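Reader: I have not looked at this one before. Can you walk me through a few spots?
Author: Go ahead and ask as you look.

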Amino acid sequence: MRRAVRFFRPGMIAAAAIGLAAMPFFIPQYYVLFAAKVLLMGILAMSLNLAAGFGGMVSLCHAAFFGLGGYILALASSEYEAASFWTTLLLAAGGGGFAAFFIGALSLRTRGVYFIMVTLAFGEMLYSLFHDASFAGGSDGAFIYVKPALEVFGFNLNLDSPLTFYFTAVIAFVLVAALIFQIVRSPFGRALMAARDNERRARSLGFPVYRIRLVAFVISGALAGVAGYLAAAQYGFVAPEMLGWHLSATILVMAVLGGMQTVLSPALGAAALIGMEEILKSWTEYWKLIEGMLIIGLVIVFPGGLRRLFFLVFPAISQKPSRAAAEPRDAAREGHHA
Amino acid sequence: MDPVALGIQLLNGVQYGLLLFLVAAGLTLIFGILRVINLAHGAFYMLGAYMAYWISATTGSYGLAVLYGTAAAFIAGLLVEDLFIRRLYGQGHLAQVLLSFGLILVADEVRQAFFGKDVHSVAVPELLKGSIQLGSIQSYPIYRLWVCLFCAVAAAIIFLVIQKTRIGMIIRAGAENQEMARALGVRINRINKLVFAAGIALAALAGILVAPLSTVFPGMGDQMLILSFVVVVLGGIGSVSGALIGALLIGLADTFGKVLIPGLASMIIYLVMAAVLIWRPNGIMGSREV
């Protein structure tokens with residue numbers, strides 16, 4: 001059974017890669033950009049899951065890092081001249097990581113439900129900073145008039161072209177997924193998960209739990225900053241709502257919907273949720289009502305997420321040797337005993 | 001700052017703090033007893049304010065709005081507990097966050113369907129109109145004084161109920177050790193229902209009281225949720241006296257922050273929270289690890 005699983009998974013990934021590469025040539029432009037949006041939200045959900053799923057840190061301020069990344073691009077670009085992609089991307093990642101360092105250093109002094117409340121409050125602090133600040137357009141947000149100039153090996157790529165942007169998003173997605181995958185497999189990732197599953201034991205084994213969690217939180221914040229940067233580059237616009245906690249909670253919904261046990265499944269959740277929103281929006285003005293009811297239903301009826309549903313339908317695949325397979329419930333409950 | 005102006009700001013701060021306490025007390029009790037983190041608490045505050053607008057507009061009486069609005073919120077609390085919150089007992093925080101986020105989306109859309117996006121205002125009741133002269137030039141609105149008094153009495157009643165009555169004793173026992181209370185024959189499920197509904201009713205009551213003071217607008221629930229989270233974190237989760245201290249601290253810090261350092265006003269409460277987190281990560285009155 002195990003061999004079958006191992007055999008199956010690279011196949012699935014290869015098929016997904018071919019699908020991602022070929023897709024934009026067969027679908028209308030609107031959907032190319034839509035697919036790019038899904039990929040960016042996928043990056044965001046995966047980055048959150050590094051903290052929430054693998055680290056057991058249920059953070060409600062991830063949108064703040066995302067929005068900060070976007071605002072850094074907006075503030076760094078001038079009205080007439082394109083900013084350098086690589087410089088501003090680094091700035092955005094650094095900004096997200098920097099904010100995550102400060103918020104994490106304070107919030108990680110707390111556990112469980114305190115952590116949720118404190119991250120929510122600090123996230124709202126950043127939100128209100130950009131909402132009230134005149135330097136970034138206040139509550140109206142700010143425009144990015146010229147998209148950043150992307151130069152790769154001497155070639156100048158134009159991010160205004162949907163195809164170019166789409167492939168940029170694909171590459172960013174693959175790189176972020178690979179990075180998180182490496183982190184999770186590394187000794188550091190194992191220690192992070194050990195601290196999630198049993199903090200006391202991890203501590204008595206000599207792991208510096210606070211520092212491990214803080215590093216994971218900072219990486220996760222920096223990656224969220226990257227997602228926000230790319231989202232701002234796609235829309236050419238940033239608004240304080242990008243930092244608001246409703247988005248933070250929505251990202252958590254994505255991660256739970258997809259399942260928090262693997263690196264890629266939160267991205268599936270993001271795709272499912274955004275796809276559903278798109279359909280609901282075309283149906284009814286009150287799409288949030290239905291979304292809210294679906295979230296409630298998800299928690300009550302199906303706490304394991306879509307992945308669980310998938311494995312119920314295809315039981316043969318579900319025998320994957322469980323490396324990181326702590327249920328998100330347990331991960332969150334861990335705070336109780338901490 | 002002259003003494004009269006200082007006194008006025010002090011009154012404002014205390015009044016704001018007491019109002020915050022009504023919301024935060026419910027939140028902290030719900031967590032202390034039910035072990036459920038209720039993000040939808042602010043939504044009920046918002047719905048309370050809209051109910052105040054709606055009932056006082058249709059009946060013409062603000063008193064009726066206080067009465068009916070609070071009662072309706074209590075019943076809604078019983079229903080929500082029975083339909084949704086009950087299923088969260090013993091579940092992880094993540095499920096609680098998601099479910100109550102879902103409730104917020106539903107509450108927002110319900111508000112949208114009935115009242116739209118407009119900002120409304122509620123008239124100050126006839127009896128409490130006008131203001132008191134303080135010093136030679138300043139004056140203080142009677143309604144604000146009344147809110148101050150009302151909240152202080154409500155806070156006193158909350159403390160009396162929790163400290164002096166049989167039901168309060170059971171609530172404290174449930175907060176201390178749920179299993180033991182159950183083993184001793186306490187019907188903890190009923191207590192859960194009661195505490196949740198009372199918490200919701202308090203949040204709605206705060207919304208009803210605040211409606212004539214400021215405007216009634218869609219985002220008011222979120223704003224209050226964040227503030228009351230900060231209050232609960234400051235005070236220590238599950239501690240009602242901690243919530244009172246935290247609420248007064250935030251009320252005063254916010255009020256004086258706006259007067260003294262207007263540029264930093266929106267930051268000041270978070271700075272207070274950061275300071276308390278460094279000093280006492282479990283809150284001022286909190287000892288229990290949660």
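**A few spots in chain B**

Author: B:Val195 has a relative accessible area of 5%, so this residue is buried, the cut-off being under 20%. Keep in mind that this is a predicted model.

Reader: Where is B:Val195 found?
Author: B:Val195 is part of helix α8 of chain B, residues 188-210.

Reader: And what does B:Val195 touch?
Author: Leaving aside residues up to four places away in sequence, B:Val195 touches B:Leu29, B:Ile30, B:Ile33, B:Leu34 and B:Ile171.

Reader: What about B:Leu149, buried or exposed?
Author: B:Leu149 counts as exposed, because its relative accessibility is 56% and the cut-off for exposed is over 50%. B:Leu149 lies in helix α5 of chain B.

Reader: Which residues make the nonpolar surface patch?
Author: The patch consists of B:Leu149, B:Val153, B:Ile157, B:Val161, B:Ile167 and B:Leu194, and covers about 470 Å².

Reader: Which helix gives the most to that patch?
Author: Helix α5 of chain B, residues 142-164, gives the most, with four residues.

Reader: Switching to strands. How many bridges join β1 and β2 of chain B?
Author: Four bridges join them, and the two strands run antiparallel. Strand β1 spans residues 131-134 and strand β2 spans residues 138-141.

Reader: What stands opposite B:Leu134?
Author: B:Gln138, in β2(B), stands opposite B:Leu134.

Reader: And which residue takes a positive phi in that hairpin?
Author: B:Gly135 does, with phi near 70°. The hairpin has three residues between its strands.

Conventions
Residues are numbered from 1 along each chain as its sequence is written. Chains are lettered from A and ligands numbered from 1 in the order in which they are written. This is a predicted model: local features need pLDDT of at least 70, side-chain atom pairs count only at pLDDT 80 or more; totals for chains, interfaces and linings use all residues. Side-chain values use heavy atoms; hydrogens and water are left out. Patches are made of residues with over 30% relative accessible area and no salt bridge: like charges are joined within 9 Å, nonpolar side chains (Val, Leu, Ile, Met, Phe, Trp, Tyr) within 5 Å. Accessible areas come from the Shrake-Rupley method with a 1.4 Å probe; for residues, only the protein chains shown count as cover. A salt bridge is a side-chain nitrogen of Lys or Arg within 4 Å of a carboxyl oxygen of Asp or Glu. Buried means under 20% relative accessible area, exposed over 50%, partly exposed in between (1.4 Å probe, protein chains only). Two strands pair if DSSP finds at least two bridges between them. Contact means heavy atoms within 4.5 Å.
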